[in-house]
Amino acid sequence: MKSNRIGTFLPLLFLVFLFLLGQILPNFYLRIIIEMAILGLFAQSLNLIMGYGGMISFGHAAFYGFGAYAVAILLRDTGMSLVPAILTGTVLTGVFGFIVGAICLRAAKLYFAILTMAISQLLFVLVYQWYAFTGGDNGIHGLTVSPWMTDPQHYYYFVLAVVGLCFFAIRVILNSPFGYTLRALRDNQERTVFLGAYVWWQKLIAFVFAAMFAGIAGGLYVGYDHMAYPLLVNWSKSAEPILMVILGGINTFWGALVGAVLFVIMEMVIGKITTYWLFFLGATILILVMFFPKGIWGYVEEKLAPFLARER
Amino acid sequence: MEFSDILDIIVGGLTSGMLLFMVAAGLTLVFGVLRIINFSHGAIYMLAAYISYSVMALFGNAPNTYWMALLIAPIAVAVLGALIEVFLLRPMYNREHLMQLLVTYALVLVIVDATKFLWGPDPKMVLLPDILSGRIAILGATFSVYSLVLILIGFLTMAGLWLFLNKTKLGHIIRAGAFDPEMTEALGINLKFIYTFIFSLGAWMAGLAGVLIAPLTTVSQGMDSSVLLDAFAVVVIGGMGSIGGAFLASILVGLGNSFGLLWIAGIAIAFTFIVMAVVLVVRPWGLFGRPIK
Amino acid sequence: MADNNNLLEIKDLKLSFGNVHAVDGVNLTVKKGDLTAVIGPNGAGKTTLFNVITGYYSPDQGTISFNGQEIGGSPSHKIARSGIARSFQITNIFPTLTTFENVQIAYLIIRGKSFNTVSGFRKLNRGSVEEILETVGLKEKANTLAGLLSHGDQRTLEIGITLACKPKLLLLDEPTSGMSSWETNLVTDLIEKISREMGITIMFVEHDMKVAFSVARNVVVMHQGQVFAHGTPENIRSNQEVRKIYLGEE
């Protein structure tokens, strides 16, 4: 039981640490942490279905982008301020996720991966072409949010609170009977059917959750960058959370966040040295997949296992 | 609208459809046999186009050196494909699907950046040989010879693949391997070789398509992802793993795009995906695929 | 006709795959509290029969009445919820969950709690799960990952999972397959105990005749997709026809 307490205590300590960082770090670094947190949430939302549910989605950017565009359009066309816009955007993304999920979950495994990718690309084309509504390839620029939110330090705290809450919510979901049913489905779907599980609904609801959290991340991104553009929906954006989850460690909770942090750092550091940072990203993934399939955090967790509560 | 105009549109649509099919066929073949989604297919296609440029430059850049490029570049990427299969994919067959996807995706990043490093960001021109660059008149309309040749190649590819898979011994083995790998192995057939061969063949086809399209456009960064996504759409429409499905879907998409352009400018990219959306809702496993749960 | 003592009544059940008549007109009645062994040569249709009863396949023809309700052709999850739990010929557990969680997740899913997204999973129904683990003798290994258990323990865990489904009828498909004779004894003792102490009706497929005859109170012999004979072990043992078609082949 003692180890369990450490499991809840450490994240809180980490939050306090981040809170204090907000007081001392210059805006430049706060912006980096904001980006890490948003991408961390994006990655975690995918981890929910991919890591725990075994559903490989190659179109998760559809929901990140949908959330981003929903918030951007709400900010542009209605008098809504950021917080209600994000809330509305989240609900809309959930509805969109329900439709996409209902279509894609008619197929399984690799077919599911291809269908998710195909549908996200459909959204990309739509966003790219529909100048009147989405700004086409230019995207939507120059959005205004309240002056309070424009201040990087304030926005830092806002993102910290939202992402923190979402992580907590995802944690609760994963530790619930629903979350364990998801793991059971990943392990052995056939068996759960004979236990009386409604597999399709179970997966669809998980998919909608994942879509909504990705939508929140997308909305937070618009609040940070004050714009939305088609690349947010593109297939390369769908690959990012997958890479982060693998980088950090699939089948671990904190791996998604660790992966996002490493991803942003790598992009900055390598991107500064060479324009070919994607080459190194690709090479890194190959090495990880070949030799360290459990990811960085997965490796750390293995070493720390005796000291921490079981986090699977 | 004159009859010759319609003919013109049909030929234009079939040309782009066949080029798409050349890419999609390799993609769907690899998926059907290896059960691997090869994201790097587009990157290999682009790489071959760049190689064809260099081959021609090496031989003095005369238009007729295109034939050399057409021979060498696809073989070069086929060799690369075999190496990829042996060293990167083979260790992955016992692992989760996700790991296989990641390998082919990582290859996209590596290959694309490598082409950028080797050939630079500027577009490269590839010239057509004299024989192919003319135009001929048929039924009152004039067509570029190259368009007609491309359509012919597309149909020949389809016919060739069909004959290969249905009428040769190796083809039967490949289909058996795709249907039931364990049983086929148990019959003493070396699937390792089959897998390497198919992946290499897929790469060769991607390479051929890359070299064939090079003279029509320019060889440039970004040509990989646009063709890959269109090819995926075609594969999804036709039914994953179905070559015949990919063929018909390519024609459908090619013709649809060229006729669609008459009414709505800019529909070109969207049309493919609109068809795909309809197919996904009605038959998620594609026109010629089988539902797999 | 309606006999309240009959838990399962199968009438004229047929299922074929192409030209293969896997289940070819099965008539079978299982009384409440019975402990029935299903034997028969390979390909006799034993597993297919289980698959039809549990809704994995829909029958081509015939009826399956369970507890007075027709279940033939219903989806598996509904049949599971009506009180038929099954184990599988091949080990079929959740390898990345612990032994405890394997039983617990079964316990919660069958009770329709798998859509609960807020309660802490680990704290739920600990007592009942512990009781089941106690029954099957896996209490010491409660926190071991199921994938790391020995083969025998995994097979026993399967039975534990089925017990969590508060079954009225337990279908065990070769529960002793691949086990040492010592492990086999443990499992047959367990099956007897479940039948005796919990009063659960059990049907199990068994390859080893000795085991089947020593445990079961009733024996069903299947042959070519049909129930060839049904009776007490003594009856079956002395049935000349059975000796001919079945024992003769072994």
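**Where the chains meet**

Colleague: How many residue pairs are in polar contact across the interface of chain A and chain B?

Modeller: This is a predicted model, and a pair is counted here when both residues are at pLDDT 80 or more. Among the elements on the side of chain A that touches chain B are helix H12 (235–248) and helix H14 (277–291). Under that rule, the number of residue pairs in polar contact between chain A and chain B is four.

Colleague: Which element gives the most to the side of chain A that touches chain B?

Modeller: By class, that side has 34 nonpolar, five polar and two charged residues. The leading element supplies 14 residues, and its name is H5(A).

Colleague: Which chains have the most contacts among the two pairs that touch?

Modeller: Let's go through the pairs. Chains B and C share no contact, as their closest C-alpha atoms lie 14 Å apart. In another pairing, 38 residues of chain C meet 29 residues of chain A. Of the two pairs that touch, the most contacts belong to chains A and B.

Colleague: Which side chains meet in a salt bridge at 3.9 Å, N to O?

Modeller: Between chain A and chain B the rule finds zero salt bridges, so we can turn to chain C and chain A, where it finds one, with a cut-off of 4 Å. The partners are A:Arg191 and C:Glu158.

Colleague: How much area do chain C and chain A bury between them?

Modeller: Of this buried area, 61% lies on carbon and sulfur atoms. The total for chain C and chain A is about 3,000 Å².

Notes: Residues are numbered from 1 along each chain as its sequence is written. Chains are lettered from A and ligands numbered from 1 in the order in which they are written. This is a predicted model: local features need pLDDT of at least 70, side-chain atom pairs count only at pLDDT 80 or more; totals for chains, interfaces and linings use all residues. Side-chain values use heavy atoms; hydrogens and water are left out. A polar contact is a pair of N or O atoms within 3.5 Å; within protein, one must be able to donate a hydrogen and the other to accept it, and residues adjacent in sequence count only if both atoms are side-chain atoms. Helices (H or I, at least four residues) and strands (E, at least two) are DSSP runs, numbered from the N terminus. Ala, Val, Leu, Ile, Met, Phe, Trp, Tyr, Cys and Pro count as nonpolar, Asp, Glu, Lys and Arg as charged, and the others, Gly among them, as polar. Contact means heavy atoms within 4.5 Å. Buried area is the accessible area (1.4 Å probe) that two parts lose on being put together, summed over both.
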